[in-house]
Amino acid sequence: MAARQGYFITLEGVDGAGKSSHIEWLAASLRQYAPELIVTREPGGTPAGEQLREMLLHQPMHQDTELLLMFAARCEHLRECISPALARGAWVLCDRFTDATYAYQGGGRGLDDGRIGTLEDWVQQGVQPDLTLLFDVPLEVARARRSGAREPDRFEAEAEAFFERTRQAYLRRAAAAPGRIRIIDASRPIEAVRASVAAVMAERLQAWQ
Ligand code: TMP
């Protein structure tokens with residue numbers, strides 16, 4: 001895989017944490033620093049990955065198949081989009097990445113972290129986010145935000161206990177990697193959340209320059 005030069009930022013959180021309402025705002029604020037900015041998502045981000053996303057979100061399947069398809073989509077995304085972008089110096093802002101697999105498939109579904117790690121090593125070949133913003137909210141806040149008019153997908157339709165395990169797995173990962181994963185209290189009003197994100201970014205940009 002090509003050498004890294006760019007900057008790789010990921011956004012994470014349980015469904016309903018509200019991260020998607022910040023991504024375009026964050027992209028707009030980063031464009032002044034980034035020579036080129038790619039905004040993308042997982043599962044998805046490539047034509048094949050978006051087809052896998054449709055299947056993952058709507059087609060019932062065994063949890064091992066789900067794990068493999070998450071990494072299949074990620075493999076395509078890395079090879080065709082993320083790694084070439086980083087190699088030419090672009091910044092990549094990605095809505096979810098492998099922390100979501102540890103949280104949802106590891107925490108939520110109860111799959112073995114060692115198995116996830118094996119796939120991570122094979123597929124990512126050392127590529128890791130430089131910074132991850134974990135949008136954290138209590139489960140009742142996430143549930144209220146999820147209860148829209150749209151039909152829930154396979155993950156959104158999961159029980160509260162699934163989201164509790166997912167959230168706890170995210171928080172454990174953040175505790176294990178405090179330098180990379182920054183927890184943002186996303187239960188607050190949108191302006192306060194953005195102020196926290198801006199503070200983290202300002203700190204990082206200072207260290208980066
Ligand atoms: P999104 O709704 O944030 O776009 O994410 C789609 C769903 O996919 C979300 O419910 C979380 C789930 N997901 C996993 O379960 N594992 C993963 O590795 C990724 C990237 C997403």
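Reply: Buried means under 20% relative accessible area, exposed means over 50%, and partly exposed lies in between (1.4 Å probe, protein chains only). This is a predicted model, where local features need pLDDT of at least 70, side-chain atom pairs need pLDDT 80 or more, and totals for chains, interfaces and linings use all residues. Numbering runs from 1 along each chain as its sequence is written, and side-chain values use heavy atoms, without hydrogens or water.

Start with Thr-46. This residue sits in the loop that joins strand S2 (37–41) to helix H2 (47–58); helices (H or I, at least four residues) and strands (E, at least two) are DSSP runs, numbered from the N terminus. Thr-46 is buried, because its relative accessibility is 7%. What does Thr-46 contact, leaving aside neighbours within four places in sequence? The partners are Glu-76, His-77, Glu-80 and Cys-81, where contact means heavy atoms within 4.5 Å.

Now turn to helix H3, which spans residues 63–87. The axes of H3 and helix H4 (residues 98–108) come within 11 Å and cross at roughly 175°. Axes are lines fitted to C-alpha atoms, for helices over the stretch in contact, with angles from 0 to 180 degrees between N-to-C directions. H3 is therefore roughly antiparallel to H4, a label for angles over 145 degrees. On the H3 side, the contact uses Glu-66, Leu-67, Met-70, Phe-71 and Arg-74. H4 supplies Thr-98, Thr-101 and Gln-105.

Next comes Asp-15. The loop between strand S1 (7–12) and helix H1 (20–30) holds Asp-15. Asp-15 has 14% relative accessibility, so it counts as buried. Beyond its neighbours within four places in sequence, Asp-15 is in contact with Arg-96, Tyr-104, Ala-142, Arg-146, Phe-155, Glu-156 and Phe-163. In an unreviewed entry, UniProt lists Asp-15 under "binding site", together with Gly-13, Val-14, Gly-16, Ala-17, Gly-18, Lys-19 and Ser-20. Such annotations may be inferred rather than shown by experiment.

Last, look at Ile-183. Strand S5 (residues 181–185) contains Ile-183. Its relative accessible area is 46%, so Ile-183 is partly exposed. Ile-183 touches Leu-134, Asp-136, Leu-171 and Ala-174, not counting residues up to four places away in sequence. Take Asp-136 from that list. Ile-183 and Asp-136 are 47 residues apart in sequence, yet 6.5 Å apart in space, C-alpha to C-alpha.

Key
Angles under 35 degrees count as roughly parallel, over 145 as roughly antiparallel, 65 to 115 as roughly perpendicular and the rest as oblique.
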